[in-house]
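Good morning, everyone. Please bring up the chain on your screens and keep it in view while I talk.

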Amino acid sequence: MKSSDIRKVFLDFFREKDHLVLPSFPLVPQNDPTLLLIGAGMAPLKPYFTGEKTPPHTRIATCQKCVRTPDIEKVGLTARHATFFEMLGNFSFGDYFKEDAIPWSWELMTRGYGLPEERLYVSIYQEDEEAFSIWKNKVGVPPEKIYRLGKEDNFWEIGTGPCGPCSEIYYDLGPQYGCGGTDCQVGCDCDRYLEVWNLVFTQFEKDANGNYIPLEQKNIDTGAGLERLAIVMQGVSSFFEIDIVKPLLDHFAAKAGLEYGKQDKIDISLRVITEHLRGISFLIADGVLPSNEGRGYVLRRILRRAVRHGKLLDIEPPFLFDAVPLLVAMMEDPYFELREKEELIKKIIKLEEERFNETLEQGMVLLEEQLVTLQNDGKSILPGETAFKLYDTFGFPVDLTKEILDERGFQLDDDGFEKALELQRNRARAAQDSRNREEENLFALVKGFSSRFVGYETLKAQGEVVGILSPSREKLVSEGKAGEDETYYLVLDQSPFYAEKGGQVGDTGTIKFPTGHGRVINTVFGPGEEILHLVEIEEGVVKEGDKVFAAVDEERRKEIARNHTATHLLHRALKKILGSHVNQAGSLVAPDRLRFDFSHFDQPDKKDLSIIEKTVNLAILNNMEVNTLITDLEQAIKMGAEAHFDEKYGDKVRVIKIDEYSLELCGGTHVNSTGELGICKIIDESGIGAGMRRIEALTGHRALDFVAAQERELKEITSMMKIPRENAASKIKEMMESQKELQRKIRQLQQQLAQQQVESLLQQTEYTSGIPILSTQVEVEDMESLREYLDKLRGKMESGIIMLGALSSGKVIFAGAVTKDLIEKGFHAGNLIGEVAKLTGGGGGGRPDMAQAGGKDPDKLPYALSMVPVLVKAQQAKIIS
């Protein structure tokens with residue numbers, strides 16, 4: 001039976017049992033920051049199990065794509081470990097329980113898939129008499145084929161909370177797959193008994209005291225690995241021989257010009273490459289990009305592990321991306337996203353392969369040198385600092401380094417690596433963390449103060465001072481006075497001031513109180529979302545309980561709103577032009593500019609940036625309405641709203657809808673229509689890390705000022721150069737080409753002149769010390785020209801020492817050489833030139849045959865060159881002694 005049929009039979013079976021069949025959820029968890037990736041069929045349904053959400057149906061069935069990486073180093077070493085797999089599952093949320101779930105599993109195994117009963121075995125939790133009775137009396141499984149296993153194997157629990165016993169179905173692959181032991185049975189670690197179905201009966205709530213309390217609503221969570229069922233149904237011996245995997249293995253074997261099944265080392269590498277391509281492709285299809293943290297690091301780890309195993313097989317890189325079309329052809333039904341993202345998947349894999357190949361060879365050289373040193377010293381543990389350098393400089397995921405060490409019989413100093421990694425992290429965040437801790441301690445003093453935001457509706461509001469916080473005194477105070485050279489955080493019961501959040505800066509403005517007024521210079525949130533106004537008291541005294549009038553800087557808020565709406569327009573344009581994989585990774589929304597960080601695997605070219613900018617400005621020109629919707633998260637996602645799945649959202653969310661153009665979850669402030677932006681001008685685009693890009697832009701009058709300034713500069717340039725503005729670029733290009741040609745001719749003439757001068761210079765060679773020494777000053781523009789002089793002289797001098805000096809841009813430069821016969825006697829150009837350069841206040845060095853150096857004092861150049869014979873004699877004396 002084909003894998004596609006196994007999938008279909010399962011889902012059709014449960015559809016007939018009144019289950020709602022849902023498509024696979026993405027591998028990236030939605031609204032669950034506690035999970036890195038989906039690694040089980042029940043993971044996306046967790047809110048239904050916990051009661052956090054009401055399921056669309058009390059019975060659900062899925063075929064869920066999953067990624068797990070705890071055993072990544074075992075993938076390839078065995079024929080059963082995998083990072084990517086499909087999990088077939090049927091779930092009950094307070095509906096049916098054991099009396100239905102158990103018979104249905106047996107019915108599907110024996111009738112749906114036609115597996116012979118004599119080869120099926122069952123395990124239960126040792127204390128689950130109810131399950132034993134159903135298997136024995138209702139299903140008819142003989143007692144001797146029902147194995148009771150302990151809590152470690154057949155009881156599911158994670159800390160406190162819902163938990164329960166498990167029951168599993170095993171298929172006997174035959175004694176040829178067993179360990180040969182007389183006690184080989186279900187539960188043995190060998191490969192004979194293959195688990196094909198796992199039923200979890202969630203029937204207890206475990207409390208903090210370790211008590212198991214029966215649940216009123218009992219749930220069913222089952223899982224059947226599609227690939228394991230395929231092994232059984234297709235009569236093959238391993239995961240790598242089933243119909244949706246073997247074609248990939250054959251492809252890579254052909255690529256390497258090797259045959260699978262002949263050598264263990266070759267087989268391991270072929271299995272690694274084959275298996276990892278599946279996980280790599282599905283992760284990218286679901287929006288994950290290679291990076292050095294989180295999901296991106298999981299992707300980078302498995303991709304680079306596959307690349308390294310390709311190198312072990314001498315496969316010419318890049319090679320992984322070539323197999324993507326084959327995978328897509330096999331898996332696009334039901335995973336249509338593979339076909340939609342096929343070109344993107346290929347492009348990202350190829351780019352990452354090429355990047356890693358640039359550093360892989362260098363990293364391997366470093367590692368080999370270290371291993372040779374360890375071996376010579378009789379040691380077996382690689383220092384953590386070396387592993388960190390491989391990780392930080394050469395892009396080696398640490399588990400890849402561990403795998404290489406294990407292959408060679410070495411170990412890693414894990415603690416040393418973690419210390420080096422933590423040291424780097426600490427350096428990066430030290431100042432920020434210190435500042436954050438100080439603020440956290442200070443703001444904790446206002447936790448629980450009532451504070452309501454009214455700034456969506458109005459920029460002016462009455463309020464009451466409910467708290468005054470003194471940063472300098474680090475305590476709550478009853479009043480704040482003008483003239484104390486201090487700022488205060490005021491907490492109002494309600495405020496129109498937007499507190500810094502989601503990349504948008506805090507509002508500024510004024511607060512008037514009975515005896516005076518103050519300037520709000522920033523607004524931030526407290527630990528419980530209390531609105532804290534950082535105020536400079538300009539006049540009078542503000543007291544706790546005062547009635548105040550708060551007013552936001554209106555023009556500044558408008559500028560911020562323009563830039564915030566622009567980030568939404570830009571986000572949509574980036575997705576449209578660069579691809580749907582683009583996601584927001586951060587932003588700064590300020591009055592004077594906007595900054596938008598996004599995930600993308602390569603630098604957008606100038607043409608793409610121009611189209612992106614034009615797309616945003618067309619949206620502005622169309623003057624589309626900007627509306628705010630308040631709804632729940634589930635409804636917002638159904639509407640198609642962009643959400644950051646790493647964030648935890650509340651019961652109600654705020655959605656910003658820009659006509660039919662953009663729909664995003666957002667708590668920031670916006671304009672009423674896109675025309676209010678005027679224009680948007682991209683002023684910079686740069687890389688900020690692996691797989692991360694940044695765009696900076698301006699809107700409104702600041703964009704107009706920027707364009708006007710560029711216009712003035714262009715006008716000034718064209719006026720100075722006396723060229724028409726219409727074709728200024730082409731004219732300047734012509735002039736630059738002409739200048740290059742003139743420079744080329746000058747260099748050619750200099751070389752001819754130098755050739756003529758070589759004979760003259762050689763006549764200055766001294767023989768007083770018994771060694772031919774040529775030490776002289778020449779006229780050149782730069783070090784490159786000086787080295788050319790040196791090369792010509794070396795070619796003419798059979799034996800001797802050359803030291804040339806020159807002045808370049810007000811500084812001293814030296815180039816020196818020693819012929820081969822004198823090197824063999826112990827003379828060294830690098831050591832000599834270092835001593836010469838010191839005489840001009842500089843330094844340098846190099847190889848024994850050739851070296852270069854620099855100096856600071858041009859007046860001492862003649863003296864330094866005159867001292868060369870003396871320094872040669874000193875070097876000669878050292879050699880003799």
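First, the ground rules. This is a predicted model, where local features need pLDDT of at least 70 and side-chain atom pairs count only at pLDDT 80 or more, while totals for chains, interfaces and linings use all residues. Residues are numbered from 1 along each chain as its sequence is written, and side-chain values use heavy atoms, with hydrogens and water left out.

Some terms next. Helices (H or I, at least four residues) and strands (E, at least two) are DSSP runs, numbered from the N terminus. Two strands pair if DSSP finds at least two bridges between them. In general, strands of a sheet pair through backbone hydrogen bonds, either parallel or antiparallel.

Look at the pair at one end. Strand 23 is joined to strand 24 (residues 594-599) by five bridges, and the two run antiparallel. Within that pairing, glycine 586 has aspartate 597 of strand 24 as its bridge partner.

Move to strand 13 (residues 460-470). Strand 13 pairs with strand 22 (residues 547-552) in the antiparallel sense, over five bridges. There, glutamine 462 has phenylalanine 549 as its bridge partner. Strand 13 is also joined to strand 16 (residues 487-492) by four bridges, again antiparallel. In strand 16, tyrosine 489 is the bridge partner of leucine 469. Strand 14 (residues 475-477) pairs with strand 13 too, antiparallel, over three bridges. Leucine 469 stands opposite leucine 476 in strand 14. The hairpin of strand 13 and strand 14 has four residues between the strands, and glutamate 474 takes a positive phi near 55° there.

Now two residues. Is tyrosine 193 buried or exposed? Tyrosine 193, found in strand 8 (residues 193-206), counts as buried, at 12% relative accessibility. The cut-offs are under 20% relative accessible area for buried, over 50% for exposed, and partly exposed in between (1.4 Å probe, protein chains only). Leaving aside neighbours within four places in sequence, the contacts of tyrosine 193 include Tyr121, Tyr170 and Cys184.

Arginine 654 lies in strand 26 (residues 653-658). Arginine 654 is buried yet has no salt bridge. A salt bridge is a side-chain nitrogen of Lys or Arg within 4 Å of a carboxyl oxygen of Asp or Glu. The nearest side chain of opposite charge is glutamate 457, 7.5 Å away. For charge, Lys and Arg count as positive and Asp and Glu as negative; His and the chain ends are not counted. A polar atom of the arginine 654 side chain lies 2.6 Å from the backbone oxygen of glycine 668.

Last, the backbone. A cis peptide bond runs from proline 317 to proline 318, with omega near -10°. Proline 318 is in the loop between helix 9 (294-312) and helix 10 (324-331). Another cis bond joins aspartate 333 and proline 334, with omega about 20°.

Lysine 722 has a positive phi near 55° and is not a glycine. Lysine 722 is exposed, with a relative accessible area of 73%. Serine 809 has a positive phi of about 55°, although it is not a glycine. Serine 809 is exposed as well, at 76% relative accessible area.

Key
Contact means heavy atoms within 4.5 Å. A polar contact is a pair of N or O atoms within 3.5 Å; within protein, one must be able to donate a hydrogen and the other to accept it, and residues adjacent in sequence count only if both atoms are side-chain atoms.
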